Amino acid sequence: RKIMIDSHCHLDHEPLLSDLKNVIQRSKEIGVKKLLTISTSIESFSRVKEIVNKDDIIFGTIGIHPHETDNNNVDAEFFKKNLNENKKIIGVGETGLDFYYDNSDRDKQIKSFKLHIEAALKANIPLIIHSRNAEEKTFEILNEYKDRKLKILMHCFTGSKKFADKLLKFNSYFSASGIITFKNSVELQNTFKFLPLDRILIETDSPFLAPVPNRGKKNEPSFIDFTATKLAEIKGIKKSELVKITTDNFNNLFFN
């Protein structure tokens, strides 16, 4: 029986939140053994804290998405207090840099990113990074911490092969989302072909980015199956092997 882990979903977003019981049930039916639900704002984290207690398979993170940094001021104490109080919060993020839109405050994003990095280092737990149109700056910041044994997970990785290669030097992990199933993602498929097997994870990023054949629908954790199938094909291995490897990688990163 397949055992899969969805390493990144947003169970506190609709339509997943109001249908949580069925969403979890459907994931269990396809063999999902763990779901990591990701915080994106202070308000989101308050929901995540409750959701992780709804089922044994759900774990969560604490963090402010780069798009939310304008309206969510947090400090080191916010991380420390909440990480001490919540044993099922196992990662810091989603944090990082998103320079896709010109109107976002880049300095605020950078400051927030560094705060998250420090929190992950203090707690010795993985940092979940979102990087979009910001490869150089993301690398420059991570490079400042290169001697600090930071545990890095590049979520929904869509970066260049060159960027991936540079990040491998920091022992980073890379998570493939439904984007790898899209016809126009040949370059990304080649990047995942190049990445070592012991560095890859799978995720849905649900309710966003539903994989083919469900593209355009609202995504949910049970659709992780399609991403696993595609990634196994890209890596030229059996799906059962890919599922075992990505599960082991997740557990090595978060539970070792």
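This is a predicted model: local features need pLDDT of at least 70, side-chain atom pairs count only at pLDDT 80 or more; totals for chains, interfaces and linings use all residues.
Figure 1. Cys9 takes part in no disulfide, and the nearest cysteine sulfur to its own, that of Cys156, is 13 Å away. Cys9 is buried, because its relative accessible area is 0% and a residue counts as buried under 20%. Cys156 likewise belongs to no disulfide, with the sulfur of Cys9 as the nearest cysteine sulfur, 13 Å away. Cys156 has a relative accessible area of 12%, and is therefore buried.

**Figure 2. Two residues with a positive phi, Cys156 and Lys149.** Cys156 lies in the loop between β6 and α6 (161–168), and its phi is near 45 degrees, a positive value in a residue other than glycine. Lys149 also has a positive phi without being a glycine, and here the angle is near 55 degrees. The loop that holds Lys149 is the one between α5 (135–144) and β6 (152–154). Whereas Cys156 is buried, Lys149 counts as exposed, because its relative accessibility is 72% and the cut-off for exposed is over 50%.

Figure 3. Eight strands form an open sheet with parallel pairing, and their order is β1-β2-β3-β4-β5-β6-β7-β8. At the edges are β1 (4–9) and β8 (200–202), each of which pairs on one side only. Averaged over the sheet, and with direction ignored, neighbouring strands are turned by 30 degrees against each other.

Figure 4. Strand β2 (residues 32–37) and strand β3 (residues 58–62) run parallel and are joined by three bridges. Within this pair, Leu36 stands opposite Phe59 in β3. Helix α3 (residues 76–85) packs on the sheet, where it touches β3 and β4 (89–98), and its direction makes about 160 degrees with that of β3. Another helix, α8 (residues 224–235), lies across β1, β2, β7 (173–176) and β8, and runs at about 150 degrees to β8.

**Figure 5. The largest nonpolar core and another core apart from it.** The largest nonpolar core has 68 residues, and those with the most contacts inside it are Leu11, Ile117, Leu142, Leu167, Phe174, Phe192 and Leu231. Helix α4 (residues 106–123) provides the largest share of this core, namely six residues. Apart from this core lies another one of 12 residues, which includes Ile38, Tyr173, Leu201 and Phe250. A close look at Leu231 shows contacts with Ala176, Ile180, Phe192, Ile200, Leu201, Ile202 and Leu242, when residues up to four places away in sequence are not counted. In soluble globular proteins, nonpolar side chains tend to be buried together.

Figure 6. The peptide bond from Glu14 to Pro15 is cis, and its omega is near 5 degrees. Pro15 is placed in the loop between β1 and α1 (20–29). A cis peptide bond also leads from Ser206 to Pro207, with omega near 10 degrees. Pro207 belongs to the loop between β8 and α8.

**Figure 7. Ser44 and its surroundings.** Ser44 is part of helix α2 (residues 42–51), and it counts as buried because its relative accessibility is 0%. A polar atom of the Ser44 side chain lies 3.0 Å from the backbone nitrogen of Thr40. When neighbours within four places in sequence are left aside, Ser44 is in contact with Asp12, Ile38 and Ser39.

**Figure 8. Thr69, a buried residue in a loop.** Thr69 is found in the loop between β3 and α3, and with a relative accessibility of 5% it counts as buried. The side chain of Thr69 has a polar atom that lies 2.9 Å from the backbone oxygen of Pro66. Setting aside neighbours within four places in sequence, the residues in contact with Thr69 are Ile64, Lys108, Gln109 and Ser112.

Note on methods. Residues are numbered from 1 along each chain as its sequence is written. Side-chain values use heavy atoms; hydrogens and water are left out. A nonpolar core is a set of buried Ala, Val, Leu, Ile, Met, Phe, Trp, Tyr and Cys residues joined through side-chain atoms within 4.5 Å. Buried means under 20% relative accessible area, exposed over 50%, partly exposed in between (1.4 Å probe, protein chains only). Helices (H or I, at least four residues) and strands (E, at least two) are DSSP runs, numbered from the N terminus. Contact means heavy atoms within 4.5 Å. Two strands pair if DSSP finds at least two bridges between them. Axes are lines fitted to C-alpha atoms, for helices over the stretch in contact, and angles run from 0 to 180 degrees between N-to-C directions. A disulfide is a pair of cysteine sulfur atoms within 2.5 Å. A polar contact is a pair of N or O atoms within 3.5 Å; within protein, one must be able to donate a hydrogen and the other to accept it, and residues adjacent in sequence count only if both atoms are side-chain atoms.
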